[in-house]
Structures are given as C-alpha cells and as structure tokens.
Amino acid sequence: MQEYIRSNDDPKIAIVGLGYVGLPLALEFSKHFKVVGFDLNKKRVKSLNENFDNTQEVDFEELKKSKLKTTSDLNQISNSDIYIITVPTPVDKHKKPDMSFLEKASVDIGKHLNKGNIVIYESTVY
C-alpha cells in the first residue's frame with residue numbers, strides 16, 4: 001500500500017460520516033493512524049469533541065482516551081491519503097436505497113482528492 005501514500009509517514013485517514021458505522025471505525029483506526037472524522041452535523045461534532053456520543057455506540061472513556069479528531073469543516077480532511085465514506089443509505093418502503101448521501105459525499109470528497117488517494121465506501125444496505 002505504501003506506493004499509494006504521498007510520503008513515508010503513516011497515512012492520514014479521513015472517516016466521512018460519524019454514525020454507528022463511522023464512529024467505531026474511526027476510533028479503531030485512530031489507535032494506529034492519524035484519523036480525522038468528518039460529519040456535516042456540527043452538534044454531533046461538538047458533542048464528540050466533548051467526549052459524548054449521543055448514539056451510545058462508544059462510551060465516554062473510549063472517546064476521551066482516543067486520538068481521534070473530529071470536524072465539520074471539509075478543509076480539515078483535504079490533505080488525507082485515504083477517505084472512508086460511511087454515510088447513511090436509508091431505504092424507502094420498497095427497500096430501494098437512497099444513494100443521495102453517498103453521491104453528495106462523493107462530490108464533496110472528489111473536490112479534495114489528489115493523485116494516489118484511496119476512497120473506500122463502507123455502507124450498509126438492506
């Protein structure tokens with residue numbers, strides 16, 4: 001994987017979407033790499049920065065001891081090497097997934113990509 005990374009340093013990872021998939025993933029990666037979590041919801045980011053997860057996916061102590069940085073400013077993740085997109089894909093009454101969150105995240109992240117960056121989609125769909 002090193003040939004895809006811009007330097008000999010550990011890769012900087014951006015987790016886009018800090019819900020029940022993204023937050024635990026971001027915390028796990030932050031144990032080994034520099035990770036910045038991004039979410040559009042400024043209240044969510046503020047609460048995570050205060051070590052509180054209102055979804056109760058992770059507890060106070062886990063957030064407090066982590067090295068995870070969170071933001072709602074896309075510019076704060078623009079120099080990442082790897083982007084992992086974990087935004088919602090809700091389904092309608094016909095069980096057809098709403099891809100609009102993935103599409104918006106892809107457009108937003110696409111504006112910040114550099115040669116050699118990696119984009120991973122981690123999504124749950126019925």
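1. The largest pocket holds about 450 Å³ of space. Here a pocket is an open set of points on a 1 Å grid over the protein atoms alone, where a 1.4 Å probe fits, with protein on both sides within 12 Å along at least five of seven lines. Its volume is the space filled by probe spheres set on the points. Of its 26 lining residues, Gly17, Asp39, Thr86, Val87 and Pro88 are closest to the centre; lining means an atom within 4 Å of a point.

2. This is a predicted model: local features need pLDDT of at least 70, side-chain atom pairs need 80 or more, and totals for chains, interfaces and linings use all residues. Numbering runs from 1 along each chain, and side-chain values use heavy atoms, without hydrogens or water.

3. Helix α4 (residues 100–110) gives the most to the pocket lining: five residues. Helices are DSSP runs (H or I) of at least four residues, strands (E) of at least two.

4. Leu102, Ala105, Asp108 and Ile109 are the buried residues of α4 (buried: under 20% relative accessible area; exposed: over 50%; partly exposed: in between; 1.4 Å probe, protein chains only). They sit on the same side of α4, because their arc around the axis is only 130°. Glu103 and Val107 are exposed on the other side.

5. The structure has four salt bridges (a Lys or Arg side-chain nitrogen within 4 Å of an Asp or Glu carboxyl oxygen). Asp53 pairs with Arg44, closest N and O atoms 2.7 Å apart; both are buried. Glu50 pairs with Lys46, also at 2.7 Å. Lys46 is exposed at 52%, while Glu50 is partly exposed at 48%.

Methods. The arc is that of the directions from the helix axis to the C-beta atoms.
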